[in-house]
Amino acid sequence: MAGKNPWGAGGDGSSGSGDGDAPKGDKGSGDKGNGPRNPWLPPGSGGGDGRRGPNIEDIFRNRGPEGPRRKGGGGGGGPNFRFPQRPGGKSWFPVAVVGIIALGLLATSVHLIGPQQQAVVKTFGNFTDTLDSGLQFSAPFPIQTVDVEDVQGVRAVRIPGNNNQVKLILTGDQNLVDLSYIVRWNIKDLGDYKFRVVDPIETVNEVAEAAMRAAVAEKQLDETFSGQGRAAIELDVRERMQRTLDGYQAGIRVLGVEIEKADPPGQVVDAFRDVQVAEQNADAARNQAQGYAQQVLAQAQGEAEAFDKVYEQYRLAPEVTRQRLYYETMERVLSKTDKTIVEATGVTPYLPLPEIRRRAQQTEGPATTVTAPGGQ
């Protein structure tokens with residue numbers, strides 16, 4: 001089946017004049033009117049006297065970095081941008097590169113260190129010096145590097161790290177106590193702190209735990225709960241930690257240790273409370289017994305002193321003292337009875353002396369005193 005050449009004359013090497021189906025309006029336009037336009041040619045490109053196939057250079061000529069999108073608008077970022085020139089005709093680019101390098105060297109050579117800070121200087125990675133606070137200078141990077149650290153700020157380590165975590169420590173009387181405490185420290189020597197220990201914070205944790213276990217092992221369980229005992233443990237732990245860290249040359253100063261919690265283990269807390277109540281009751285009974293003993297002893301001592309004084313008087317006048325003691329004793333005894341018996345020869349009469357005394361008091365009544373004018 002014969003078909004029409006869509007690319008016009010020359011598209012397949014045959015002439016378009018033999019095609020009887022060509023439109024009449026295209027006859028007077030020469031070869032350009034033979035067939036439709038080639039869709040692969042860029043817009044506005046002339047086909048010459050005949051049609052030709054698409055060229056790869058024609059396709060990418062307007063799309064490359066030198067295409068119309070780079071040329072238009074006068075932008076300075078395209079390949080046509082030129083660095084400004086100096087008055088002598090030379091470029092400013094070398095001068096800009098030298099200036100940037102000089103600024104970088106100056107920025108790595110000048111250091112402003114705060115009042116609570118110090119810095120360590122490393123020359124080609126090796127520790128060489130420390131810098132105090134203020135404006136300090138060093139060799140530029142990469143010859144020397146400066147690492148600034150806060151040396152006076154107080155740092156705290158909580159053991160255990162989680163408040164809900166249990167830290168059981170054995171006491172001197174073979175009991176367990178749940179302790180949580182805080183260790184506060186800062187940097188004493190920055191060079192030792194940076195290069196003597198691998199992990200300073202982990203070192204502080206391990207040294208604190210070891211010191212706490214050693215200190216609690218020398219105390220009784222009750223001492224860990226009392227305020228005085230806890231203060232003694234805190235001081236002991238601080239001193240132990242400082243000695244150990246100084247032996248390591250860690251460059252760390254221990255400022256203080258604070259015990260936050262000292263409780264019995266959770267599994268035996270109820271039994272421990274019962275024991276505490278029993279101990280409190282025992283202490284109360286013991287105190288009550290001691291008070292009663294002191295009272296009886298004081299009374300006995302008073303009676304002994306009174307007897308000694310009576311005995312001294314008895315030695316001075318034995319007969320008189322004996323009679324007086326007899327009369328006082330009989331008076332004290334007979335005053336409490338309603339019957340009085342007087343011994344006589346062959347007769348034992350009854351004298352109701354207390355009854356007579358009561359009747360006499362009722363009939364007499366209160367005495368009245370009358371004073372004459374003038375006091376006479």
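Two strands pair if DSSP finds at least two bridges between them. Helices (H or I, at least four residues) and strands (E, at least two) are DSSP runs, numbered from the N terminus. The model on screen is predicted: local features need pLDDT of at least 70, side-chain atom pairs count only at pLDDT 80 or more, and totals for chains, interfaces and linings use all residues. Residues are numbered from 1 along each chain as its sequence is written, and side-chain values use heavy atoms, with hydrogens and water left out.

**Stop 1: the sheet**

Select residues 117–123, which are strand β2; 5 bridges join β2 to β3, and the two run antiparallel. Within this pair, Lys 122 stands opposite Phe 127 of β3. Now select Phe 124, in the hairpin of β2 and β3: 2 residues lie between the strands, and Phe 124 takes a positive phi near 55°.

**Stop 2**

Select Leu 221, Asp 222, Phe 272, Val 275 and Gln 276, the closest to the centre of the second largest pocket among its 13 lining residues. A pocket is an open set of points on a 1 Å grid over the protein atoms alone, where a 1.4 Å probe fits, with protein on both sides within 12 Å along at least five of seven lines; lining residues have an atom within 4 Å of a point.

α8 supplies the largest share, 6 residues.

**Stop 3: confidence**

Colour by pLDDT, the predictor's confidence in each residue, from 0 to 100. The chain has a mean pLDDT of 77, and 69% of its residues reach 70 or more. Select residues 9–32, where pLDDT is below 50. Where pLDDT is low, the predicted coordinates should not be read in detail.

Note on methods:
Contact = heavy atoms within 4.5 Å.
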